Amino acid sequence: MAVTMLNQQLRPFLSSWRPRLTEHERRHPDGPESAWPENDACREDLRGLQQDIHVYALGFARLAGVEDAELLVGSPHKR
């Protein structure tokens with residue numbers, strides 16, 4: 001389950017966005033991340049990722065024996 005989450009969810013997100021942000025930071029070392037022209041798009045994609053991996057977080061909590069996994073993990077819409 002963890003490998004699937006990493007390979008199908010986290011890896012595509014990070015391989016897409018991290019190099020672009022790194023390049024922006026290289027070109028603007030003293031600028032805030034919020035000045036990155038792709039900041040809004042990246043954060044929107046991140047919100048989608050958070051919703052997508054929420055099911056994994058619930059699964060991990062259940063595997064760990066958490067009685068009320070939904071209460072512990074919370075709702076992906078509150079983030």
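Which residues of α1 are buried? They are M5, Q9, F13, W17, L21 and H24, where buried means under 20% relative accessible area, exposed over 50%, and partly exposed in between (1.4 Å probe, protein chains only). This is a predicted model, in which local features need pLDDT of at least 70 and side-chain atom pairs count only at pLDDT 80 or more, while totals for chains, interfaces and linings use all residues. Residues are numbered from 1 along each chain as its sequence is written, and side-chain values use heavy atoms, with hydrogens and water left out.

**Helix α1**

- Helix α1 covers residues 2-27, 26 residues in all; helices (H or I, at least four residues) are DSSP runs, numbered from the N terminus.
- From first C-alpha to last, α1 reaches 35 Å, close to the 38 Å expected at 1.5 Å a residue; the expected span is 1.5 Å times one less than the number of residues.
- At L10 the helix α1 bends by about 40 degrees, and the proline P12 follows within four residues. The bend is the angle between axes fitted to the seven residues ending at a residue and the seven starting there.
- The buried residues of α1 pack against α2 (39-63).

**Helix α2 and the surface**

- H54 lies in helix α2 and is buried because its relative accessible area is 12%.
- Leaving aside residues up to four places away in sequence, H54 touches V73, G74, S75 and P76; contact means heavy atoms within 4.5 Å.
- F60, also in α2, counts as partly exposed because its relative accessibility is 31%.
- M1, F60 and L63 form a nonpolar surface patch with about 310 Å² of accessible area together.
- Patches take residues with over 30% relative accessible area and no salt bridge, nonpolar side chains (Val, Leu, Ile, Met, Phe, Trp, Tyr) being joined within 5 Å and like charges within 9 Å.

**Salt bridges**

- The count comes to six salt bridges, each a side-chain nitrogen of Lys or Arg within 4 Å of a carboxyl oxygen of Asp or Glu.
- E23 pairs with R27, the closest N and O atoms being 2.6 Å apart; both lie in α1, four residues apart, about one turn of the helix.
- E23, R26 and R27 are linked in a network of salt bridges.
- R43 forms a salt bridge with E33, with the closest N and O atoms 3.2 Å apart. The pair links distant parts of the chain, R43 in α2 and E33 in the loop between α1 and α2, ten residues apart.
- R62 bridges to E70, the closest N and O atoms being 2.2 Å apart; R62 is partly exposed at 47%, and E70 is partly exposed at 41%.

Definitions and conventions:
Helix = DSSP H or I, 4+ residues; strand = E, 2+ residues; numbered from the N terminus. Areas by Shrake-Rupley, 256 points an atom, 1.4 Å probe, with all protein chains shown as cover.
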